[in-house]
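Work through the exercises below with the sequence and the 3D structure at hand. Each task is followed by a solution in steps.

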Amino acid sequence: MLPGKFVSVVVDFENTQELLTKVREGYLKASWREEERLKTGYVLVSSGKIVGAVIEDVLTGETLEGEEALREISRVAGTKKVRVVELYEAAVSDILAEKPGIKVESPVLREEIPGWDLEGLLRLLTSYTGELRVHNGGTSWRLYVDRGVVKAARTIRGPLLTGNDAFKSLLHEMGHVVKSGRYETGEKWDFTREDEVVRGHVFAEGVDLLREKRKFEKEFRM
C-alpha cells in the first residue's frame, strides 16, 4: 500500500491514457484477480507522465516493480479485467526516493484500439503524446504523436518510407485501416530529422472526417 490522499473513483473509462490527466501528482490504483490470486497495481504519475509502477500480491505480499510491473499492468488493462480505478494524490518524489526500484524508463501504458473505433482513437489523440503504431494487415506505420499532431512517421512493415512519404501513405490507406486494422500505443521513440512530418495536424482532422462520414452513412441508411 502506498501513502496518499484518496481523490476519486473512475468507472468504465474509455482508455487508460485519459486517466493520466486526472492526477497531476499521485498514482492510479486498481485491483484484479489472476486465477485465485488478488493483485493490486499502482501507476505513479507526475505532470501527466508515468514515473513508476508496482504490483502487489494482496495475499503473499510479493511485489513486481518498475518496467516489468508496467508491462503487466498494460497487459491486464488490455484484457478489460480492470473497470474501476482509484485516483490518489501523493508526494511521488518521496515515494520514489523510498522505493527506487519502482521507477520506469519507458513510461508507456500500452493500449490497443481496433481500426473501426474512430471515437476511441480520437479520445486517445486528445491526451496522448508518444509512439502510435498503425497496422492495416500489410503495412505498419510508426508515428510520433503529440496530442493529435503527428510529428514523425516511418513504416516498420511493408515498403520502407520515412517522414512525409510515410505519412502520406498512411493517409491514403486509412480506409483499409478502419476496415481491418488496429492502432496501438508503443514505446519511447527518439525519431530523426528524416522522420519528421509537416502538417501533421491533418491526421486527427482526417480521422474526425472519417467518423462523421460513417455517422452520416449510417443515418442515411436508416
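**Exercise 1.** Find the helix that holds Ala 166, and decide whether Ala 166 is buried or exposed.

Step 1. Ala 166 belongs to helix H5; helices (H or I, at least four residues) and strands (E, at least two) are DSSP runs, numbered from the N terminus. Residues are numbered from 1 along each chain as its sequence is written. This is a predicted model, in which local features need pLDDT of at least 70 and side-chain atom pairs count only at pLDDT 80 or more, while totals for chains, interfaces and linings use all residues, and side-chain values use heavy atoms, with hydrogens and water left out.

Step 2. The relative accessible area of Ala 166 is 0%, so Ala 166 is buried. Buried means under 20% relative accessible area, exposed over 50%, and partly exposed in between (1.4 Å probe, protein chains only).

Step 3. Setting aside residues up to four places away in sequence, Ala 166 touches Trp 141, Ala 153, Arg 154, Thr 155 and Leu 161; contact means heavy atoms within 4.5 Å.

**Exercise 2.** Describe the length of H5 and locate its kink.

Step 1. H5 covers residues 163-180, and its 18 residues reach 24 Å from first C-alpha to last. This is close to the 26 Å expected at 1.5 Å a residue, the expected span being 1.5 Å times one less than the number of residues.

Step 2. A kink of about 55 degrees is centred on Glu 173. The bend at a residue is the angle between axes fitted to the seven residues ending there and the seven starting there.

Step 3. Among the buried residues of H5 are Phe 167, Leu 170 and Met 174.

**Exercise 3.** Which strands form the open sheet, and in what order?

Step 1. The order is E7-E11-E8-E9-E10, with antiparallel pairing; two strands pair if DSSP finds at least two bridges between them.

Step 2. Strand E7 (112-114) and E10 are the edge strands, each pairing on one side only.

Step 3. E9 and E10 are joined by seven bridges. Asp 146 has Val 149, in E10, as its bridge partner.

Step 4. H4 packs on the sheet, touching E7, E8, E9 and strand E11 (182-185), and its direction makes about 155 degrees with that of E8. H5 lies across E8, E9, E10 and E11, at about 80 degrees to E10. Axes are lines fitted to C-alpha atoms, for helices over the stretch in contact, and angles run from 0 to 180 degrees between N-to-C directions.

**Exercise 4.** Which residues touch the most other members of the largest nonpolar core?

Step 1. They are Leu 132, Leu 143, Tyr 183 and Phe 203, in a core of 26 residues. A nonpolar core is a set of buried Ala, Val, Leu, Ile, Met, Phe, Trp, Tyr and Cys residues joined through side-chain atoms within 4.5 Å.

Step 2. H5 gives the most to this core, with six residues.

Step 3. Leu 143 has contacts that include Leu 132, Leu 170, Trp 189 and Phe 203.

**Exercise 5.** Where is Arg 110, and what does it touch?

Step 1. Arg 110 sits in the loop between helix H3 (92-98) and E7. Arg 110 is partly exposed, with a relative accessible area of 35%.

Step 2. Leaving aside neighbours within four places in sequence, Arg 110 is in contact with Ser 74, Glu 184, Thr 185, Gly 186 and Glu 187.
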